[in-house]
Amino acid sequence: MRVPSTLRLPFSAAASFRFEQILASQVDGSWADVWALREMFALGEPEIAFARALLERRRNLWLYRTNQRHFCGDFLAIDMSPPRDRPTYALELKAGEPLRLDAGGVQLSRLDAALAEVAHLTGAGPVTTARGSADAILAWLGR
């Protein structure tokens with residue numbers, strides 16, 4: 001089984017977050033394979049709250065959780081409004097930090113792997129990295 005770098009969080013996750021079901025619906029493997037991936041994509045309460053808020057507020061954004069062992073940030077958000085060359089936002093949540101755009105660092109050092117998995121959706125769209133608190137990132141994306 002290939003270990004993915006991204007996992008799409010459907011809009012239904014805003015109402016009821018059933019992480020194992022989300023994994024099982026997107027991973028081609030046994031239940032044991034899904035269980036092994038669970039910790040790679042695990043979300044803490046602040047990340048779940050962020051994901052729910054974004055999924056409720058921005059229906060044009062498809063939200064992906066990134067594999068925490070692959071160093072490609074915390075989330076990818078793809079603006080599905082344009083028909084092609086869609087903007088992608090690589091998001092790294094840091095509690096209490098102000099928003100910093102085009103931030104890099106170790107946590108985003110292998111972002112290309114995650115972007116390759118969603119390239120069929122994004123085309124040649126721009127990629128913006130954002131690092132900061134969940135509230136700062138939500139405010140920026142809600143602009």
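Two strands pair if DSSP finds at least two bridges between them; helices (H or I, at least four residues) and strands (E, at least two) are DSSP runs, numbered from the N terminus. What you see is a predicted model, where local features need pLDDT of at least 70, side-chain atom pairs count only at pLDDT 80 or more, and totals for chains, interfaces and linings use all residues. Residues are numbered from 1 along each chain as its sequence is written, and side-chain values use heavy atoms, leaving out hydrogens and water.

**Stop one: the sheet.** Select strand 2 (61-66) and strand 3 (75-79). They run antiparallel, joined by five bridges. Find Tyr 64, which stands opposite Leu 76 in strand 3. Now widen the view: the open sheet has six strands in the order 1-2-3-4-6-5, with mixed pairing. Strand 1 and strand 5 (100-101) are its edges, each pairing on one side only.

**Stop two: helix 3.** Select residues 45-57. At 1.5 Å a residue, times one less than the number of residues, these 13 residues should span 18 Å, and the end C-alpha atoms are 18 Å apart, which agrees. Which residues of helix 3 are buried? Among them are Phe 50, Leu 54 and Leu 55, where buried means under 20% relative accessible area (1.4 Å probe, protein chains only). Strand 4 (88-93) and helix 6 (134-141) are included in what covers the buried residues, with contact meaning heavy atoms within 4.5 Å.

**Stop three: the core.** Select Phe 75 and Leu 91, which have the most contacts inside the largest nonpolar core, a set of 33 residues. Such a core joins buried Ala, Val, Leu, Ile, Met, Phe, Trp, Tyr and Cys residues through side-chain atoms within 4.5 Å. Helix 3 gives the largest share, six residues.

Note on methods:
Buried < 20%, exposed > 50% of the residue type's maximum accessible area, 1.4 Å probe, protein only.
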